Amino acid sequence: MKQLSILFRGTLGFPFPVSGAFALCLLLLASCGGDDSSDEGYAAIESASFTFDETTPANNAVRVIANTGWQVFWTPESAAVRVEPVSGSGNGVFYVRDMPKGASVQVGVRAASGKTSGKPVTVTRAADAVGVTLSVAPGTWISTPRGRIALR
């Protein structure tokens, strides 16, 4: 212990003898403290881009891989998108519940720190289908030799 006491007195400049237990505590505190940037949180989307499915909501699921809390975001931010849940913690799933017809949006997740990892997915919703109208004007129906009817 005398060597340890001299080492701390000479190297660290303590004006008093340092006991072995105190020196050990100082070494432990020095090695345990400080910046622990290796434990950064991440959150990313595992799912692929897809077309919004109005009939089967389960097809609108987006898988999240995360080791921290996460929150869903989309661009453009002004798009009327609805997701559930809007946030979570750890690995999880959220569902795109509604979005504008005829639009494509980029949907992603941010880690609790605000950092984004990975790429967002593109979700596309088709526009309403335009119905085809068929109208028939009055005319003459003629029978053909093969039994077909033709409009003249």
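Predicted model: local features only at pLDDT ≥ 70, side-chain atom pairs only at ≥ 80, totals over all residues.
**View B. Strand 4 against strand 8.** Let's look at one pairing from that sheet: strand 4 and strand 8 run antiparallel and are joined by 6 bridges. Which residue of strand 8 is the bridge partner of Phe73? That partner is Gly108.

**View C. The largest nonpolar core.** This core has 22 residues, and those touching the most other members are Trp70, Val72, Phe94, Val96, Val107, Val109 and Val123. At least two core residues come from each of strand 1 (43–45), strand 3 (61–66), strand 4 (69–75), strand 7 (92–98), strand 8 (103–111) and strand 9 (121–125). Which strand gives the most to this core? Strand 8 does, with 4 residues.

**View D. Val123 and its contacts.** Here we zoom in on Val123, one of the core residues that touch the most other members. Setting aside neighbours within four places in sequence, Val123 is in contact with Phe50, Phe52, Val96, Met99, Ala103, Ser104, Val105 and Val107. Two of these partners, Val96 and Val107, are also listed among the core members with the most touches.

**View E. Trp70 and Phe94, an aromatic pair.** How many aromatic pairs does a search of the whole structure find? The search finds 1. The pair is Trp70 with Phe94, in a tilted arrangement: the rings are 6.2 Å apart centre to centre, with 45° between the planes. Trp70 belongs to strand 4 and Phe94 to strand 7, so the pair ties together parts that are 24 residues apart in sequence. Buried or exposed? Both Trp70 and Phe94 are buried.

View F. Searching the whole structure turns up 6 salt bridges, and two of them involve Arg125. The Arg125 side chain meets that of Glu54 at 3.1 Å, N to O. Arg125 lies in strand 9 and Glu54 in the loop between strand 2 (50–51) and strand 3, so this pair ties together parts 71 residues apart in sequence. Arg125 also forms a salt bridge with Asp98, at 2.8 Å, N to O. Asp98 lies in strand 7, so its pairing with Arg125 in strand 9 links parts that are 27 residues apart in sequence. Through these shared partners, Glu54, Asp98 and Arg125 are joined into one network. Arg125 counts as buried, at 7% relative accessibility, whereas Asp98 is partly exposed, with a relative accessible area of 35%.

**View G. Lys115 and Glu40, a link between loops.** The side chains of Lys115 and Glu40 form another salt bridge, at 3.4 Å, N to O. Lys115 is in the loop between strand 8 and strand 9, and Glu40 is in the loop between helix 2 (20–32) and strand 1, so the pair ties together parts 75 residues apart in sequence. Lys115 is partly exposed, at 40% relative accessible area, and Glu40 is partly exposed too, at 46%.

Methods: Residues numbered from 1 in each chain as written. Heavy atoms only, no water. Core = buried A, V, L, I, M, F, W, Y, C linked by side-chain atoms within 4.5 Å. Buried < 20%, exposed > 50% of the residue type's maximum accessible area, 1.4 Å probe, protein only. Contact = heavy atoms within 4.5 Å. Salt bridge = Lys/Arg side-chain N within 4 Å of Asp/Glu carboxyl O. Pairing = 2+ DSSP bridges. Phe/Tyr/Trp six-rings, centres within 6.5 Å; stacked < 30°, edge-to-face > 60°.
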